[in-house]
Amino acid sequence: MGQAMKRFLAGIVFITYSLFLIYWMFFAFSRTEGGEFRYNFTPFTTIKNYFTYYDHFPFHIWIINIAGNIGVFIPFGIVLPILFPKLSNFFLFIFAFVIGITSLEVLQLFSMLGSFDVDDIILNTVGAVIGFILLQIMRIRKATRKKRR
């Protein structure tokens, strides 16, 4: 598959998946305007609570808030560097991703559709980094196969 086709497909995945996530972050889970600002600015507070008080949360809530916040951002670690080759640099990738996800969290805060949680930013970034690493592994394997031929 050519580079242009990969970028085109990555663009389609990026746009479609981004729209899905925006819907999910702002409108899913019966989100309505709460009339109040909900936020957590202290790193690892929410994460620690989910692990410390795991028996106080239904399992599906734990999965959504820990594994879900990681898992749903793995695709961004794959498609962003394909779509924007400069983001193949790890530090540029992290910088761009953190700015983007923080912007969405701030929108959740001020729209009162959800909450701002620094732990979401941390977990989302972990997911994106996992995707980034998976992409690098795929690229290394592809290059290794080419050398063997």
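**Exercise 1.** Which residues in helix 2 meet which residues in helix 6? Describe the packing of this pair of helices as well.

*Solution.* The structure is a predicted model, and the work starts with the residues that meet. On the side of helix 2 they are T45, T46 and I47, and on the side of helix 6 they are D119, I122 and L123. Sorted by class, the residues of this contact are three nonpolar, two polar and one charged. For the geometry, two packed helices are described by the angle between their axes and the distance between the axes. Helix 2, which covers residues 45-52, packs against helix 6 at an angle of about 80°, and the two axes are 7 Å apart. Angles of 65 to 115 degrees count as roughly perpendicular, and helix 2 and helix 6 are therefore roughly perpendicular to each other.

**Exercise 2.** Work out how helix 3 is oriented relative to helix 6, and list the residues through which they meet.

*Solution.* Begin with the axes of helix 3 and helix 6, which come within 6 Å and cross at roughly 45°. Because of that angle, helix 3 is oblique to helix 6. Turning to the residues, N65, I66, N69 and I70 in helix 3 meet D120, L123, N124, V126, G127 and I130 in helix 6. The residues of this contact divide into five nonpolar, four polar and one charged.

**Exercise 3.** Is T125 buried or exposed, and what surrounds it?

*Solution.* First locate the residue: T125 lies in helix 6, which runs over residues 118-148. Its relative accessibility is 13%, and since buried means under 20%, T125 counts as buried. Leaving aside residues up to four places away in sequence, T125 touches I94, F97, V98 and I101.

**Exercise 4.** State how confident the predictor is in the protein chain, and which of its elements have the lowest and the highest mean pLDDT.

*Solution.* The mean pLDDT of the protein chain is 91, with 95% of its residues reaching 70 or more. Among the elements, helix 3 (residues 59-71) has the lowest mean, 90, whereas helix 4 (residues 74-83) has the highest, 97.

Definitions and conventions: Residues numbered from 1 in each chain as written. Predicted model: local features only at pLDDT ≥ 70, side-chain atom pairs only at ≥ 80, totals over all residues. Heavy atoms only, no water. Helix = DSSP H or I, 4+ residues; strand = E, 2+ residues; numbered from the N terminus. Buried < 20%, exposed > 50% of the residue type's maximum accessible area, 1.4 Å probe, protein only. Contact = heavy atoms within 4.5 Å. pLDDT = per-residue confidence, 0-100. Axes fitted to C-alpha atoms, helices over the stretch in contact; angles between N-to-C directions. Parallel < 35°, antiparallel > 145°, perpendicular 65-115°, else oblique. Nonpolar A, V, L, I, M, F, W, Y, C, P; charged D, E, K, R; others polar.
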